[in-house]
Amino acid sequence: MPQPTKKYYGSSFSTRRQQPRRSYSQRKTNDRRYKKDYIDPRKFVKVAKITQTETYSPEHSFDDFNVNHLIKQNLLNKGFISPSPIQDKTIAPIIDGKDVIGLADTGTGKTAAFAIPLLDKIMLKNVRLLVIAPTRELAQQIDEEFRWIAKGSNLNSAILIGGTNIGGQLRDLRRQPQIVIGTPGRIKDHFERGSLNLASFSLVVLDEVDRMLDMGFINDVKAILNQLSPVRQSLFFSATLAQPIKDLINGFSKDPFTVSTKSGETSENVHQDVVYVNGGYDKLDKLNGLLKSGEIKKAIIFDDTQRQVEKLSLDLSGLGFRVDAIHGGRSQGQRQRSLAKFKRNEVDILVATDVAARGIDVVDITHVINYSTPNSYSDYIHRIGRAGRAGKIGYALTFVDKARA
């Protein structure tokens, strides 16, 4: 690949900085953790519904799609024959160059739904793709899926996320990768440094747009989209379509094709209940009793702050549990190792903050425990959606102070 020119990587943005740069996480306020919405405890109690899902009959096989033979072979090598509903309904419109809105639950194959047709476009036309994801973990999951779908293609990619060495990211960007995947804050940081020429991207994907809205990234996302090539194809994937998301899509797309494969609330198959505590004094004892009951096989426990997560993790470890922690204060390497141990069942309990847990997709979590109440009911739904994956019944327990009930 040719080396980047000064036109692309000049100092026009870096000269704006008169003060030392702060990380995106430092620039964001932490007000939300202290300004929780009141949620009636009765909303934390719900019996799971066991629903019979109809077997989906796709209109296409992967072999039907007009994409590069290498992609088809990689899919076949992985045992992929029939597309999922979101793949079946979006791949062809994306191939045709349409802007697309995809409404789908997590774990339904949406990454492959945009990776397959967009990788084909990159191989065919040597265009550049930017994928924006709300969390580091999701960005890495997307990159892993892109890698196996494009195996043998010699395409280059770069992951732009916090918590990792920026020198490696700068080195990757100097190769002018065809695919860039990152979180809004770090993408914006590279743009301001002059190390990322956003105008060279004519393909863009916003994944889990609703999560980016919840996490306060929407203004950064708008700033990024404003710098992309005006002639582009834009794809938006989300679980919900709140008005701010509609406004964002309307402002940055042209006559989008909408596909919805949502099967309803992801919490429908999660049995929900509360655990009442007396001012928090017996909170750890209650949690200890629950975890020792033998009913909880694999759990993610949510707490408010990094300090609280670390303390609870140490407390549970002292009580003899196999536990690890994940939060924004840990390096990306630490977070990856903790998540890998959880996936491999080397630990049974993962204590996490909301931000760190977004994008975690572990299919065999039996329980979600809200050791602290969530900031909003939307956050609650997202938390408990970690359990009850792959059609299984999950369980959610929320600790509630009796005095505030």
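Colleague: What makes β1 and strand β7 (residues 257-260) a pair?

Modeller: In this predicted model, β1 and β7 share four bridges, in the parallel sense. Pairing takes at least two bridges, so β1 and β7 qualify. Within that pair, Leu 103 stands opposite Ser 260 in β7.

Colleague: And how do you know that β1 pairs with strand β6 (residues 233-238)?

Modeller: By the bridge count again. β1 and β6 have four bridges, also in the parallel sense. The threshold is at least two, so this is a pair as well. Here Ile 101 stands opposite Phe 236 in β6.

Colleague: Which way do the residues of strand β1 (residues 100-103) point, and are they buried or exposed?

Modeller: Val 100 and Gly 102 point one way, Ile 101 and Leu 103 the other way. All of them are buried. In a regular strand, side chains alternate between the two faces of the sheet.

Colleague: Why is Gln 178 called buried?

Modeller: Its relative accessible area is 7%. The cut-off is under 20%, so Gln 178 is buried. Gln 178 sits in the loop between α6 (166-174) and β4 (179-182).

Colleague: What makes the approach of Gln 178 to Asn 156 a polar contact?

Modeller: A polar atom of the Gln 178 side chain lies 2.8 Å from the backbone nitrogen of Asn 156. The limit is within 3.5 Å, so the distance passes.

Colleague: Why is helix α7 (residues 184-193) described as largely enclosed by the rest of the structure?

Modeller: Seven of its 10 residues are buried, so the description holds. The buried set is Pro 184, Gly 185, Arg 186, Ile 187, Asp 189, His 190 and Phe 191. Just after α7 comes Gly 194, with a positive phi of about 90°.

Colleague: Which residues of helix α11 (residues 283-291) are buried?

Modeller: Lys 283, Leu 287, Asn 288 and Leu 291. Seen down the axis of α11, these fall within an arc of 135°, so they line one face of the helix. An α-helix has 3.6 residues a turn, so residues three or four places apart point the same way.

Colleague: What do the buried residues of α11 pack against?

Modeller: Several elements, including β8 (270-277), β9 (299-302) and α12 (306-318). Also β11 (349-352), β12 (367-370) and β13 (394-401).

Colleague: How many helices and strands does the protein have, and what percentage of its residues is buried?

Modeller: There are 15 helices and 13 strands. Buried residues make up 50% of the 405 residues. Among contacts between residues at least 6 apart in sequence, 77% join residues at least 24 apart.

Notes
Residues are numbered from 1 along each chain as its sequence is written. This is a predicted model: local features need pLDDT of at least 70, side-chain atom pairs count only at pLDDT 80 or more; totals for chains, interfaces and linings use all residues. Side-chain values use heavy atoms; hydrogens and water are left out. Buried means under 20% relative accessible area, exposed over 50%, partly exposed in between (1.4 Å probe, protein chains only). Contact means heavy atoms within 4.5 Å. A polar contact is a pair of N or O atoms within 3.5 Å; within protein, one must be able to donate a hydrogen and the other to accept it, and residues adjacent in sequence count only if both atoms are side-chain atoms. The arc is that of the directions from the helix axis to the C-beta atoms.
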